[in-house]
Amino acid sequence: MSKDIKSEKSLELKIFIFLTVFLAPILSVLLVSALGFSIWFSQILTGPPGVG
């Protein structure tokens, strides 16, 4: 039983490290990039704010 608990805690730690070190920063960069791209593309189509 203690082997199962130990392996489960090890797996939880690995998942936590993966989420905090890799997945969260990658998702943050992708979301900010997508927002920047959508603003840039909308300004190509409609022009910059305050014009016209």
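How many residues does helix 1 have, and how far does it reach from its first C-alpha to its last? Helix 1 has 45 residues and spans 63 Å between those two atoms, close to the 66 Å expected at 1.5 Å a residue; the expected span is 1.5 Å times one less than the number of residues.

The model is predicted: local features need pLDDT of at least 70, side-chain atom pairs count only at pLDDT 80 or more, and totals for chains, interfaces and linings use all residues. Residues are numbered from 1 along each chain as its sequence is written, and side-chain values use heavy atoms, with hydrogens and water left out.

**Overall form**

The chain contains one helix and zero strands. Both kinds of element are DSSP runs numbered from the N terminus: helices are H or I with at least four residues, and strands are E with at least two. The C-alpha atoms fill a box of roughly 70 × 10 × 10 Å along the principal axes. The radius of gyration of the chain is 21 Å, whereas a compact globule of 52 residues would have one near 10 Å. This radius is taken over C-alpha atoms, and the globule rule is 2.2 Å times the number of residues to the power 0.38.

Helix 1 bends by about 40° at Leu 19; the bend is the angle between axes fitted to the seven residues ending at a residue and the seven starting there. Just after helix 1, Gly 47 takes a positive phi of about 90°.

Of the 52 residues, 0% count as buried. Buried means under 20% relative accessible area, exposed means over 50%, and partly exposed lies in between (1.4 Å probe, protein chains only).

| Residue | Relative accessible area |
|---|---|
| Phe 18 | 44% |
| Phe 22 | 46% |
| Phe 41 | 40% |

**Aromatic pairs**

A pair of aromatic rings is described by the distance of the centres and the angle of the planes. Rings of Phe, Tyr and Trp (its six-membered ring) pair if their centres lie within 6.5 Å; planes under 30 degrees apart count as stacked, over 60 as edge-to-face and the rest as tilted.

The structure holds three aromatic pairs. In one of them, Phe 18 and Phe 22 have ring centres 6.1 Å apart and planes at 35°, so the pair is tilted. These two residues lie in helix 1 (residues 2-46), four residues apart, about one turn of the helix. The rings of Phe 37 and Phe 41 have centres 6.0 Å apart and planes at 15°, so this pair is stacked. Phe 37 and Phe 41 are also in helix 1, four residues apart. Together with Trp 40, Phe 37 and Phe 41 form one aromatic cluster.
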